[in-house]
Amino acid sequence: MSLQKRDDHDHDAWLQNKDLTAVERGFLVSLVWLDQRFRIVDYLELLETLYYRVNLQMPKSHTEQYDLDNKFWYWYPLYTLGFFSTLAYLVAAVSGALLGFYYSPASAGAAPGEASVAYNSIAYIMQDLQFGFMLRSIHRWSAQVMTAAVFLHMLRVYFTGGYKEPRELNWLLGIVLISLTMVFGYTGYLLPWDQLAFWAGQIGVEMALSIPLAGEWVAQLIFGGFSLSQSTLQRMYILHVFLLPFVVTALIALHIGIVWVQGIAEPH
């Protein structure tokens, strides 16, 4: 694409010579108006050229290469697990964002001897907020469905040989994503700050401390110290709400983009 100014073209005269409907004429007039200002047609042509170059370089799928159209049909439902896990992630993200309007990440009680503010906010969502019980249940079940779907998706890829050349990078990316899914579940598990969350957090601290050489540094970085405190809850909240969603969304987009470029690996 050249950055030199292009020759002006009489678009109005060109449109008058065409037998177009009102919709077609409106579309072309809008396209010409935008192209004169942003040169979008040039960028569309670049994307079209890139698309065909990429797809022409991709090898034939196993189904095309070995004529297996009717031999592995019973595997095909398992190829929806990736989409199913992405859909569950979107549901969990939307429901979690709505829950965030009513959640307060504070480990102290409103008064001495009372339950934490975090726990009281969860109790309010479950007991007093209209449709709050349903909203939290949707978030909880979508997270569990996502975890199960990602795990089964990895099994499907392994047993059908989808991790082999040229898809090694996407397999490693999938390992990163399932690991981050576990971190998602763990950080969310601690947010209610009840007894289950407390002891799960204590186990996490002990696991961090058991790491050779870097254990104390990891415990201070992730949990804010060697025992649970407000810093722990604050870190879990930041990871669960602010850091992980952006990282996981970007990696999922990259993962799906690589699948789109390379195609789906059918069973070997």
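Which residues does Asn170 touch, not counting residues up to four places away in sequence? Asn170 touches His255, Ile258 and Val259, where a contact means heavy atoms within 4.5 Å. This is a predicted model, in which local features need pLDDT of at least 70 and side-chain atom pairs count only at pLDDT 80 or more, whereas totals for chains, interfaces and linings use all residues. Residues are numbered from 1 along each chain as its sequence is written, and side-chain values use heavy atoms, with hydrogens and water left out.

**Overall architecture**

- The protein has 11 helices and zero strands, these elements being DSSP runs numbered from the N terminus (helices are H or I with at least four residues, strands are E with at least two).
- Of the 268 residues in the protein, 31% are buried, a term that stands for under 20% relative accessible area, with exposed meaning over 50% and partly exposed lying in between (1.4 Å probe, protein chains only).
- Among the contacts in the protein with a separation of 6 or more, 64% are between residues 24 or more positions apart.

- A pocket is defined on a 1 Å grid over the protein atoms alone, as an open set of points where a 1.4 Å probe fits, with protein on both sides within 12 Å along at least five of seven lines; lining residues have an atom within 4 Å of a point.
- The largest pocket holds about 1,100 Å³ of space, a volume being the space filled by probe spheres set on the grid points, which are joined across faces, edges and corners.
- There are 33 residues in the lining of the largest pocket, and His139, Ala143, Gly188, Tyr189 and His240 lie nearest its centre.
- Helices H5 (81-99), H6 (117-127), H7 (132-159), H8 (168-190), H9 (195-209) and H11 (230-262) each supply at least two residues of that lining of the largest pocket, and H7 gives the most, with eight residues.
- By class, the lining of the largest pocket has 20 nonpolar, 10 polar and three charged residues, where Ala, Val, Leu, Ile, Met, Phe, Trp, Tyr, Cys and Pro count as nonpolar, Asp, Glu, Lys and Arg as charged, and the others, Gly among them, as polar.
- The second largest pocket has a volume of about 620 Å³ and is lined by 30 residues, of which Gly82, His153, Arg156, His255 and Val259 lie nearest its centre.
- Two or more residues of the lining of the second largest pocket come from each of H5, H7, H8 and H11, and H11 gives the most, with seven residues.
- The lining of the second largest pocket divides into 17 nonpolar, 11 polar and two charged residues.

**Asn170 in its setting**

- Asn170 is found in helix H8 and is buried, with a relative accessible area of 9%.

**Helix packing**

- H6 and H7 pack with their axes 5 Å apart and at an angle of about 110 degrees, the axes being lines fitted to C-alpha atoms, for helices over the stretch in contact, and angles running from 0 to 180 degrees between N-to-C directions.
- That angle makes H6 roughly perpendicular to H7, a class that spans 65 to 115 degrees, while angles under 35 degrees count as roughly parallel, over 145 as roughly antiparallel and the rest as oblique.
- The contact is made by Ile122, Ile125 and Met126 of H6 together with Gly132, Phe133 and Arg136 of H7, and these residues divide into four nonpolar, one polar and one charged.
- The buried residues of H6 are Ala118, Ser121, Ile122, Ala123 and Ile125, and what covers them includes H5, H7 and H11.
- Helix H10 (residues 215-223) packs with H11 at an angle of about 75 degrees, with their axes 7 Å apart, which makes H10 roughly perpendicular to H11.
- Gln220, Leu221, Ile222 and Phe223 of H10 meet Ser231, Thr232, Arg235 and Met236 of H11 in this contact.

**Backbone features in the loops**

- Glu165 and Pro166 are joined by a cis peptide bond, with omega about 10 degrees, and Pro166 is found in the loop between H7 and H8.
- Phe131, in the loop between H6 and H7, has a positive phi of about 65 degrees although it is not a glycine, and Phe131 is exposed, with a relative accessible area of 59%.
- Trp193, in the loop between H8 and H9, has a positive phi of about 55 degrees although it is not a glycine, but Trp193 is buried, with a relative accessible area of 13%.
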